[in-house]
Amino acid sequence: MHDAIVVGARCAGSPLAMLLARRGYRTLLVDRATFPSDTVSTHVIHPPGVSALGRWGLLDQVVATGCPPVGRYSFDFGPITLAGAPGTTDSPYAYAPRRQLLDKILVDAAAAAGAEVREGFGVEEVLVEDGVVTGVRGGNGQLERARVVIGADGRNSMVARAVQAAAYEDVPALTVAYYSYWSNLPTDTFEAYSRPGRGWAVCPTNDDLTLVIGGWPHAELAAHRDDVEGELMRTFELAPAFAERIRDAERVAKFAGSSVPNYFRVPYGPGWALVGDSGYSRDFITAQGITDAFLDAELLADALDAALGGSTPYDDALAGYQAGRDARAMPVYRMTLGIASLQPPDEQMIQLVSAIAGKQPAMDAFARLNSGVTAPAEFFAPEHVAGLAGGVP
Ligand SMILES: Cc1cc2nc3c(=O)[nH]c(=O)nc-3n(C[C@H](O)[C@H](O)[C@H](O)COP(=O)(O)OP(=O)(O)OC[C@H]3O[C@@H](n4cnc5c(N)ncnc54)[C@H](O)[C@@H]3O)c2cc1C
C-alpha cells in the first residue's frame, strides 16, 4: 500500500512525486512512456518556473544541458516593438530546455528523492470502492493501491475521465500551431510576433538551435493542414526582417503541430486529485503550462502533506489547493484566452503599447506581465497603467 500513486511523470507528476517522497511519503510514480523521451510541446519556462527548479535544487542540471539563459523578451506588434527583461533579481532568466532533457531530469529527481518509478506502466483502470478511489490497474493487470491517486496524466487524462471531474470556464481550442527547430537563426531573446489572425514566437534552445512556433485560428486548421510550411512562411512575411532571417536559416526537424482545449477541472475528490494539464489546460500562446504544472505540484504537495499527515481534514486541504490554483491561474487564463483569439488589439491596448514603447522600465513591466511574474490585476490597475504611460512605473 502506497501513500500516493502519481499517474504521469513529466512536468506535473515528477515534481509532485519528488516533493511527496522528500517528505517521506511512500510514492509510486508511473508513466506509460519511458525516459528520456520527447512529447509534443514547446518548452519555454518563464522565470517563475525557473525559480521552482531552483527551489528544488534542479536548476544547475537544467543549465548544464546547455540551453542558454534568456533575459530579454520582445513583443513585435507590427508598427511597435516592446522589449524588456522578464524576470526578477532572484530569477532573471527564462530557459527553454528540450523536453527529452527536462523531463528526464524531473523523473530522475523523483527517483532520487525515494519515489518508486515505473516507466512503461500504462494505467488502464482507476479502482473505486464505495465512491472512493483506492488504486489503479496497470495494462499488465497489476493492481496498486494507495491512500490517494493523482492524475498528472495530461490533457487526455484517464484519471479525470474515470472520476468524471467536472470542467468549468471551458472554451474549445482557439488556435492551431506548428513548431520546429532551425540552425543558423541566432537569437538571445524570446521573440513574440502578433498580427491579426497570426502569431509566432522564437526562442533559443539546446545545441545552438532555435525553436520557432507559429499558428493561426483553430477555424483555419483544415485550410492550411496540407501546406503548413507554406502558410508559416507566408505568416513570417508579415514581419519582413524576421522572414529574411529564417530564409537564411536551416530547418533541422519535422514540424509538430497541436491545438489544445481550454478548461479548468475540479481537481480533487474522495481519494483522487489532478495536477498539471489534467486539471487545467490553456492555449500555449502564453507558454504558461510548464510553469503552471511546477507551481501546482508545489501547492498540491503542501495540501496532500497536510491531509495525509493529519494536520488538516482532506476536503479542507484539497479545497485550499483548488482555491490557490484558481486564484493564481484564472487571471492569466483569461488573459491567455484574449491573446489566443488573435484579434487586433483594441484601442485601449494600442494606446498602452504606444505609451510605453521606448520607456525601458515600462517595457520591463510588460515583459514581466507576459512571463507571469506580475499578475494581470496588478499590471492593469489604473494607477499602475498611468505610472507606466508617464514613465514612472
Ligand atoms: C504545441 C504546444 C506548445 C507548448 N509550449 C509550451 C511552452 O513553450 N511553455 C510551457 O510552459 N508550456 C507549453 N505547452 C504546455 C505544456 O506542454 C503542458 O502544459 C505540460 O506539458 C503539462 O505537463 P503535464 O505533466 O501536466 O502533462 P504531460 O506533459 O502531457 O505529461 C503527461 C504524462 O502522462 C502520461 N500518461 C498519460 N496517460 C497515462 C496513463 N493512462 N498511464 C500512464 N501514464 C499516462 C503520458 O505518457 C505523459 O508522459 C505547450 C503545449 C503544446 C501542445
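Modeller: Domain bounds here come from an automatic or database domain assignment. This is a predicted model, where local features need pLDDT of at least 70 and side-chain atom pairs count only at pLDDT 80 or more, while totals for chains, interfaces and linings use all residues. Residues are numbered from 1 along each chain as its sequence is written, and side-chain values use heavy atoms, leaving out hydrogens and water.

Biologist: What makes up domain 1 and domain 2?

Modeller: Domain 1 takes in 2–39 + 99–171 + 262–339. Domain 2 is 175–258. Their centres, taken over C-alpha atoms, are separated by 31 Å. Five residues of domain 1 and six residues of domain 2 form the contact. Contact means heavy atoms within 4.5 Å.

Biologist: How do you know what area domain 1 and domain 2 bury between them?

Modeller: The size of an interface is often given as the accessible area lost when the parts come together. Buried area is that loss, found with a 1.4 Å probe and summed over both parts. For domain 1 and domain 2 it is about 460 Å², with 57% on carbon and sulfur atoms.

Biologist: Which three residues supply 66% of the area that domain 1 buries against domain 2?

Modeller: Leu 101, Asp 283 and Phe 284 do, more than any other three residues.

Biologist: How many salt bridges does the rule find across the interface of domain 1 and domain 2?

Modeller: The rule asks for a side-chain nitrogen of Lys or Arg within 4 Å of a carboxyl oxygen of Asp or Glu. It finds zero between domain 1 and domain 2. One residue pair is in polar contact there, both at pLDDT 80 or more. A polar contact is a pair of N or O atoms within 3.5 Å; within protein, one must be able to donate a hydrogen and the other to accept it, and residues adjacent in sequence count only if both atoms are side-chain atoms.

Biologist: Why is Gly 151 called buried?

Modeller: Buried means under 20% relative accessible area, exposed over 50%, and partly exposed in between (1.4 Å probe, protein chains only). Gly 151 has 0% relative accessibility, so it counts as buried. Gly 151 lies in strand S8, residues 143–151. Strands are DSSP runs of E with at least two residues, helices are runs of H or I with at least four, and both are numbered from the N terminus. Leaving aside residues up to four places away in sequence, Gly 151 touches several others, including Val 7, Leu 274 and Ser 278.

Biologist: Why does Ser 278 count as buried?

Modeller: Its relative accessible area is 0%, so Ser 278 is buried. Ser 278 sits in the loop between strand S18 (272–274) and strand S19 (280–281). Its side chain reaches the backbone oxygen of Gly 151 at 2.7 Å.

Biologist: What joins Phe 35 and Pro 36?

Modeller: A cis peptide bond, with omega about 5°. Pro 36 falls in the loop between strand S2 (27–31) and helix H2 (47–55).

Biologist: Why is Gln 164 called exposed?

Modeller: Gln 164 has a relative accessible area of 71%, so it is exposed. Its phi is near 55°, positive in a residue other than glycine. Gln 164 lies in the loop between helix H5 (158–162) and strand S9 (167–171).

Biologist: What makes Asp 207 count as exposed?

Modeller: Asp 207 reaches 65% relative accessibility, so it counts as exposed. Asp 207 has a positive phi of about 60° although it is not a glycine. The loop between strand S12 (198–204) and strand S13 (210–217) holds Asp 207.

Technical notes. Buried area = accessible area lost by both parts, 1.4 Å probe.
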